[in-house]
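Hi everyone, thanks for coming.

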Amino acid sequence: MNPVTHDLHVHRFGPAGPVQILAIHGLTGHGRRWRRLAEEHLPEFAVAAPDLIGHGRSSWSAPWTIDANIAALATLVENDADGPVLVVGHSFGGAIALHLAAACPDLVSGLVLLDPAIGLDGQWMYEIAESMLASPDYPDRDQARTEKFSGSWADVDPAELDEDLDEHLVALPGGRYGWRICVPAMMSYWSELARDIVLPRNGTPTTLVRALWTDPPYVSEELIGGLAGRLGADFTLLDFACQHMVPHAKPDETAKAIRDLLGAR
C-alpha cells in the first residue's frame, strides 16, 4: 500500500514570499491562533501556521503521530521556504518542533519553544485522554467559553478567546458543540506526548519559554538540562509569569523572543 499523504491547511500571515517562520500550534488547537501575534507583533515576517493533522481544516486521516506531522511539515518547508526556517512551537507544537529539528536539521535555523509539552508522564496523559473521551463536547458555546476562560486561557484577552471560538467551535449533529478536531486523533496524540525527549543538533539556536503558572508544569528539568547540555551558549531559558497559552497571554514578550533569535541567526 502507498503511504498516506497528509494535506495541511496553512494559514499565512505577513508579506508574500518565502516562509521565514513556521508556527506550530498545540494539541486541540489550530493554525489561525497565530494571527494576532503575526499580524500585530511580527508583521514584517512571512509566517506559515498550519493546522496539524487531525486539527482544523487539515487532513483527518490516520496515522495520527508526531512522525506523520514531521513528514507533512518538512514538505511544507521544502516547498515554501528558500532555506531553513525559524520554528516556533507552543505546547504539543513544541514537541513537534523538537522532533522536526532532530529529524530534519537542515530545515530548521532555530527554535522558539513556548511551554513545550514533551516527555510527559504516561499516567497523566492517560487521565487527560480518559477525561476528554468521556466529555468531548459541550451543550452550548457559553460552556465551552467558560471552560477555556476558567482554565489555561484565564490571562488571555477575552476578545482573542472569542475569536478562537468563532474559528474553532462548530455545531455537531444533535445540537451540541465541539472543537474542529478529530477526537480519535487526539487520543493518539496524548500518548505521543509521553514519548522520550529529543534534542536538536549542536549549534541550533534555541529559546525555551517556561510558563510559570502552568500547574502541573509541562517543562521538566530533564528537558532544560538536556538542552543546556547539548547546546551550551546556543540555549536560552526564559520564564514568563503566565498560564500555558504563552503566545496569547504574553504576545509582546513572545515576539521579542522570536525577534531576538531571528537577529542572532
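Let's start with two helices, H1 (35-41) and H6 (158-168): each gives at least two residues to the lining of the largest cavity. Helices here are DSSP runs of H or I with at least four residues, strands are E runs of at least two, and both are numbered from the N terminus.

A word on the source: this is a predicted model, where local features need pLDDT of at least 70 and side-chain atom pairs count only at pLDDT 80 or more, while totals for chains, interfaces and linings use all residues. Residues are numbered from 1 along each chain as its sequence is written, and side-chain values use heavy atoms, with hydrogens and water left out.

What is a cavity? On a 1 Å grid over the protein atoms alone, it is a set of points where a 1.4 Å probe fits but cannot get out, and lining residues have an atom within 4 Å of a point. Volume is the space filled by probe spheres set on the points, which are joined across faces, edges and corners.

How many cavities of 30 Å³ or more are there? Three. The largest has a volume of about 90 Å³, and H6 brings the largest share of its lining, four residues.

Now the second largest cavity, at about 60 Å³. Its lining has nine nonpolar residues, with no polar and no charged ones, including Ile21, Trp34, Leu37 and Ile258. For classes, Ala, Val, Leu, Ile, Met, Phe, Trp, Tyr, Cys and Pro count as nonpolar, Asp, Glu, Lys and Arg as charged, and the others, Gly among them, as polar.

Notes
1 Å grid on protein atoms, 1.4 Å probe; cavity = no way out; pocket = protein on both sides within 12 Å on 5 of 7 lines; lining within 4 Å.
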